[in-house]
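Dear colleague,

I am handing over a structure for your attention. Please look through it first; my findings follow below.

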Amino acid sequence: MTSAVTFTKATFWRGARRSLPLVAGLAPFGFVTGLITQHHGLSLADCMLMNALVYAGAGQLVALANWTHPAPVLAAAFAAFVVNVRFALMGPVLAPWLAGLSPVKRYASLAILVDHTWAISVTDMRKGGRDVALFVGLSVPLWFGWLIASTVGFLCASKLDLPPHHPLFFGALAAFVALLVPLWRGRSDALPWVVAGGVSLLIAHLLPHTSWYIVAGALSGCLAGAAKESWVG
Amino acid sequence: MALVTLACRCGGYFVFSRFTPSAAVRRAMAHMPGCIFAAYVMPALIAGPASNWAGAAATIAAMALSRNLGVSIGAGVATVWAVSLVG
């Protein structure tokens, strides 16, 4: 960045307005997350805390898929790490903007980083945007919207008492399948994804009721992709 | 879970502000998002009923066309529901 990063109220509200379609789009995912949380026997307090503090639907669903009582702290933490480690790479990309915030605000903003707000912010930054208020304005309403959607989902689940294979639960899987679409960068992704899926299936078969298959599959896919790139050049 | 996720969000920024990953690491990590999701999805699809495949196909089509997560989830769930009513 050649010029200083700013934070303006006008851009904050612009970001907040732009977040509304994101809130609408993410609400079903939040709803399903709340539903699944209730289905796995967690309490309303657990649900609200998890969604407020973890605030990472994909990671939460992965951890919930293998949830036990008492809570599987290590397995859940590991699931959270595997799925959310991408945030570790996303944060640094926004470094030029984040530098324009005080350390407290910077890490608070990072704490609610999600894929969509990151993507919009990066795009604006690449076009020469210098106002970090866009990122903050996008992020805050989305966090509130998610918390409300997941709480509503939880409450509906306890009223509805859905059978285990109800179609609504497919919503969780649908969220992941849907997110694969924008992640597809072209035919070069085919090999790593197939390797990831294949290794994942193998490990899931060998080590049932654990989450190792995700790490194993993900790492294998990454290695396959990187290896192919260095061979092809 | 909260601490780990927080560590991921903030820690990554913190670490990368001090170290630069090698080109090889960056190449591998670039594949991480798609690979994580592929690794999560495959066992679930294989273990689930056939209606899930129809739902997945509908979800992908809806996402490719609308680029809207809510619409795509809705399309997938509706398809699974429809198949379960018919089949």
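I begin with helix 10 of chain A, whose buried residues pack against helix 11 (212–232) of chain A together with helix 3 of chain B. Please bear in mind throughout that this is a predicted model. The buried residues of helix 10 of chain A are Pro192(A), Trp193(A), Val195(A), Ala196(A), Gly197(A), Val199(A), Ser200(A), Ile203(A) and Ala204(A). The length of this helix can also be checked: at 1.5 Å a residue, the 17 residues of helix 10 (residues 190–206) should span 24 Å, and the end C-alpha atoms are 24 Å apart, so the two values agree.

Chain B contains 5 helices and 0 strands, and its elements run α-α-α-α-α from the N terminus on. Of the 87 residues in chain B, 46% are buried.

The contact between the chains takes 50 residues from chain B and 65 residues from chain A. On the side of chain B that touches chain A, the elements giving two or more residues are helix 1 (2–16), helix 2 (23–30), helix 3 (32–47), helix 4 (51–66) and helix 5 (69–86) of chain B. Helix 3 of chain B provides the largest share of that side, 14 residues. Sorted by class, the side of chain B that touches chain A has 33 nonpolar, 15 polar and 2 charged residues.

The largest nonpolar core has 90 residues. Those with the most contacts inside this core are Ala175(A), Phe176(A), Ala218(A), Cys35(B), Ala38(B), Ala39(B) and Val41(B). Residues up to four places away in sequence not being counted, Phe176(A) touches Ala58(A), Phe37(B), Tyr40(B) and Val41(B).

Two further residues deserve a remark. Phe31(A) is found in helix 1 (residues 9–39) of chain A. Phe31(A) counts as buried because 24 other C-beta atoms lie within 10 Å, the cut-off being 20 or more. Leaving aside neighbours within four places in sequence, Phe31(A) is in contact with Ala149(A), Ser150(A), Val152(A) and Gly153(A). The C-alpha atoms of Phe31(A) and Gly171(A) are separated by 9.1 Å, although these residues are 140 residues apart along the chain.

The other is Arg67(B), placed in the loop between helix 4 and helix 5 of chain B. Most residues other than glycine have a negative phi. Arg67(B), however, has a positive phi of about 55° although it is not a glycine. With 13 other C-beta atoms within 10 Å, Arg67(B) is partly exposed.

With kind regards

Notes: Residues numbered from 1 in each chain as written. Chains lettered and ligands numbered in written order. Predicted model: local features only at pLDDT ≥ 70, side-chain atom pairs only at ≥ 80, totals over all residues. Core = buried A, V, L, I, M, F, W, Y, C linked by C-beta atoms within 7 Å. Buried ≥ 20, exposed ≤ 12 C-beta atoms within 10 Å, placed from the backbone. Contact = placed C-beta atoms within 7 Å. Helix = DSSP H or I, 4+ residues; strand = E, 2+ residues; numbered from the N terminus. Nonpolar A, V, L, I, M, F, W, Y, C, P; charged D, E, K, R; others polar. Expected span 1.5 Å × (residues − 1).
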